[in-house]
Amino acid sequence: LQLKSIYPELWNEYESARVVDYHDSLVGDIRPALEILMGAVVVVLVIVSANILCLLLTRSMARRREMSLRAALGASGWRILRQLLVENAILCLAGGIAGVFLAEFVAPVLMHLSPLELPAFSSLQIGGPAMTFAAALTLACALLFSLVPAIESRRTQLNASLRVNTAQITIGRHLAQKALVVSEVALSLMLMVAAALLLTSFWKLVHTPPGFDARDVLTFKNGFSDEQAATTALLSQRLDELTSRLEALPGVVSAAAVSDLPTQLVADLPFDIIGRAADRKGASADEKYVPITVHYFDALRVPVVAGRAFDLSDSHTSAPVLIVNQQFVRNYFKGENPIGQHIRIGAMMGPGFEDPIREIVGVVGDIKQTGLDTTTPGIMYLPTAQIPDRLTQMGNGLLGMSWVVRTKSAQVDVATPARRIFIDNARSPLLSFEPLSEVISASVAQQRFNMILLSGFGIISLILGATGLYGVMSYTVSRQTKEIGVRMAIGAQRGDIASMVLRDAGQLVVIGLIVGVAASLAGARLLQSVIFGIAPRDPLTLAAMCGVLLLTGLLAAWWPAKRAASTEPMQALRAE
């Protein structure tokens, strides 16, 4: 409010101010991606922990006589817990040390591949906080992996007998293992659904029509000296000379300069529509402001749908003109003919920024100027020869100039002669030589990285879930050996035995899928900010991932089922 009262001429109904926390201003752009990836890491950790618990519970079955004997000889529950804690602490410590060394190597590699720009205060070095977190996590895992088997062992010790029926002893543990498998399936489904949504989103993103043809277009940047950009007239003359020399190169079709390349951020400037009542909706607003040279639309093959494109006669001495895109027309001239309408840009921006009243002379097709994942903005294109001197100086000082050069084929070498042209004629080195297709690819690099990382987590969780199910079903078959022998002795066929095992596995998977679907639907809104072109609760994605997990679970149970079906009845009846 104080700023508005001091500088009232710079404010209108579209201008506002808000207070932003400094920390949020540093991490705001990358927070959603980091939160989702951190959530995926936690889910994978839980799945790994569940898998290890399944293995430890199975191991405790083999040690039940040992634990019962220790209890019978007077060992207290605390003594047994200490033994288990020491054993698991050694395993967790080894795993923690290996994890720290792996993180030291992998984290820099991942962040080198990642387009995320971390704030200056962040660091990838394994320092005190990271070591403290790793130590706390290792200790928590050691306690968890010791307490659960100890509690299960305690249930056996309560009988105070080594003659207890072992089948009864294992019922509770077997149920605990099944519960862990159900949890693994549910968590795996959540990760796989998130990965599938990101994969579908990225596919749709890269196949979104950008509104221009990026094939055979080379881009680069340069900056001019303050003397060369002292006035718009001086700079526009030099731009015209450099453009003509570029277009004279063998294999070059057209060339143009622009303030910012497509899919990159551009400035917004306020404007007023001349002749429209101030209280009428759309009489004034802010839209994208893109200075360009002649042949820019030719170089990108952006169609002119009405009026004309800029030509060399649109100089600093000619009548001020303007070209807008179709979205601009839909926003402010719906049902009207925009050609011949007049607009004034930056009327309240202060001395040196005043722009004359401009006539709209053309309408061009829409392009994804601010990114493939954003809605098409309204854009005002201006000849670089007609923008105010202060804006010319500011743009050259802050951003320099970007260039687009269309060639007859990608094999045409433009970089070498272009460098020579700019050094000889402007004493200006060229930077950032890259095809326009790579510029577009870089604009979706963050989405690509998120997709790859989350897909990797999804695959890991799928493998871990299948492994856990395999372990539980293998243990179930081993505990049902005698039952299987009885069934086969009274006439059950091998196919019946296999079906029984697969049915039990299928029940676990289905229960896990039901829980996982509910959890995925509940947490879908967390993905809203990082997906494009697909609903976070897409039913087709949910159904497809459920099918993949169900098939994987049945495949994991197939080997135990086959082993159960191959059991010899007489050998099974002799089993414990």
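Keep in mind as we go that the model is predicted. Cys141 is likewise buried, and its relative accessible area is 15%.

What distance separates the sulfur of Cys141 from the closest cysteine sulfur? That neighbour is in Cys92, and the two sulfurs lie 5.6 Å apart, which is too far for a bond. A disulfide is a covalent bond between the sulfur atoms of two cysteines. For two sulfurs to count as such a pair here, they must lie within 2.5 Å, so the 5.6 Å between Cys141 and Cys92 rules that pair out. Across the structure, the number of disulfides is 0.

Now step back to the chain as a whole. Its secondary structure consists of 18 helices and 11 strands. The chain has 576 residues, and 44% of them are buried.

A pair of aromatic rings is described by the distance of the centres and the angle of the planes. How many aromatic pairs does a search of the whole structure find? It finds 11. One of them joins Phe271 and Tyr332: the ring centres are 5.1 Å apart and the planes stand at 90°, so this pair is edge-to-face. The pair also links distant parts of the chain, since Phe271 sits in strand β3 (residues 268-273) and Tyr332 in helix α10 (residues 326-332), 61 residues apart. Are these two residues buried or exposed? Phe271 is buried, with a relative accessible area of 1%, and Tyr332 counts as buried too, at 11% relative accessibility.

Another pair is made by Tyr296 and Phe297. Their ring centres lie 5.7 Å apart and their planes meet at 65°, so the pair is edge-to-face. Tyr296 is buried, having a relative accessible area of 1%, while Phe297, at 5% relative accessibility, counts as buried as well.

Finally, look for a group of rings. Which residues do ring pairs link into a cluster? They are Phe220, Trp403, Phe422 and Phe433.

Technical notes. Residues are numbered from 1 along each chain as its sequence is written. This is a predicted model: local features need pLDDT of at least 70, side-chain atom pairs count only at pLDDT 80 or more; totals for chains, interfaces and linings use all residues. Side-chain values use heavy atoms; hydrogens and water are left out. Buried means under 20% relative accessible area, exposed over 50%, partly exposed in between (1.4 Å probe, protein chains only). Helices (H or I, at least four residues) and strands (E, at least two) are DSSP runs, numbered from the N terminus. Rings of Phe, Tyr and Trp (its six-membered ring) pair if their centres lie within 6.5 Å; planes under 30 degrees apart count as stacked, over 60 as edge-to-face and the rest as tilted.
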